[in-house]
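Welcome! Let's take a short tour of this structure, one topic at a time.

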Amino acid sequence: MTYGPVPPASEPQPTQPLWYGEHTAGPSQPGAPQNAAEPPPPVWTKAGADRDRRPRRLVELVSVAVLAAVLASGTTYAVTHTDTATATTSTSSLGASQSAPVVQANPSSPDWAATSGVVVPSVVSISIDSQQGSAKGSGVVIDKSGHVVTNNHVVSGLGQGSQITVTLNDQRSYSASVVGTDPATDLAVIKLDNAPSDLKPIAFGDATRLTVGEPVMAVGNPLGLAGTVTTGIVSALNRPVTTEDSSGGDQLGQSTGEPVVTNAIQTSAAINPGNSGGALVNAGGQLVGINSSIASVSGSSSGGQSGNIGIGFAIPVNEVKAIAEQLIQTGKAQHAYLGVSSRDATVTDGSAKRSAAQIGQVVSGTPAADAGLKTGDAIIAVNGTPVSSAESLVAQIRERTVGEKVTLTVVRDGKQLQVPVTLAVRPDTNQ
């Protein structure tokens, strides 16, 4: 599939996102349409008392001296939270409220060696073997119990009897089993059998605080090269990306039958085959996304897969955390639901025109109907984030959680309206 109509052969070819797990063999089946209430868009391919009795002035002088030494070094120092109580404790075992484990002295010129030293031990290599073939990818340790988050397309599609092997950065290997998969978001959680006690879970960040131009690092195992890091910047946010599940099925060999629509983080950090499921981190060493796909020039590879061309996509960590928690708790995930079908449109907004997702149908008894949305309304933003297409609307709703309250900016008869909506559970026969 492509990013829209295919241009003539004499014109430059468009790009399309590709899965970046590294499958060496295995079945491939096309995805089936989404729920009819929300049809898929076109597919592109987180004080004690002072016991020091020394004179206060001496303590202040010592503190100033330490600070001066740090600043004079002009470098980075790393602070890990595995053995301290300085990090904020979350009700979740995934630690989304952890502070940044690396403090950069010069944020405009990060010391990536310090960041790498903290993050790499939390990223693992995943190998899948079955009679149908083999696959390789990456994963991220998210708790001390041995749970690892990765992409669904990394662990799915090779049929019954598949064996999963997880190799840590220090080369210790463990068998693992699937805890739960979510084809709709291309996320999965696996768990190490007899997990060691010295696992190093990654610190969680907040993707909503990312800014375009911010430096980031991708960590994974491209082409089987473990512990590889590449750096770049956040080149765009809220980038709607649609990809087909090239794995051909879930861990039981069944067809997932659904394209994945992601409100993705776009990055220039190089991502290549085998990077799928790896970490995208900020300079502080916090997870901000799970690397999932790249853009590639159509027809550039006879096998349908090519190397990095400078545009990669990651699933935002906030969505990753929400889905991973559900998979760990129940083995499956619920998704937010608005209850409309939509199409790409250009609408009049006052004296200007703008691209929008125009509602073609409102399903009765859904959040959209309860909020008073009407056929012909054009949605141009969700919580202030622009919506420019039907795909963009799907991506915005997909990253939300069930029960979340959002405000839709709607153009009706040339005027803007602010429409509050509480999202419900999406009907899904796969759930």
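## A buried aspartate and its partner

In this predicted model, aspartate 349 has a relative accessible area of 15%, which is under 20%, so aspartate 349 counts as buried. Its salt-bridge partner is arginine 354, with 2.9 Å between the closest N and O atoms. Arginine 354 is partly exposed, at a relative accessible area of 34%.

Arginine 172 is partly exposed at 28% relative accessibility, and aspartate 198 is partly exposed at 38%. Together with Asp170, these two residues are linked in a network of salt bridges.

Another salt bridge brings together the side chains of lysine 321 and glutamate 325 (2.6 Å, N to O). Because they sit 4 residues apart in helix H4, about one helical turn separates lysine 321 and glutamate 325. Both residues are buried.

## A hairpin

Strands S23 (residues 405–412) and S24 (residues 415–422) pair in the antiparallel sense, over 8 bridges. Arginine 412 has lysine 415 in S24 as its bridge partner. The hairpin has 2 residues between its strands, and aspartate 413 takes a positive phi near 55° there.

## A glycine in a loop

Glycine 227 is found in the loop between strands S12 and S13. This glycine is partly exposed, with a relative accessible area of 31%. Among the residues that glycine 227 touches are Val120 and Asn169.

Technical notes. Residues numbered from 1 in each chain as written. Predicted model: local features only at pLDDT ≥ 70, side-chain atom pairs only at ≥ 80, totals over all residues. Heavy atoms only, no water. Pairing = 2+ DSSP bridges. Buried < 20%, exposed > 50% of the residue type's maximum accessible area, 1.4 Å probe, protein only. Contact = heavy atoms within 4.5 Å. Salt bridge = Lys/Arg side-chain N within 4 Å of Asp/Glu carboxyl O. Lists of a residue's contacts leave out its neighbours within four places in sequence.
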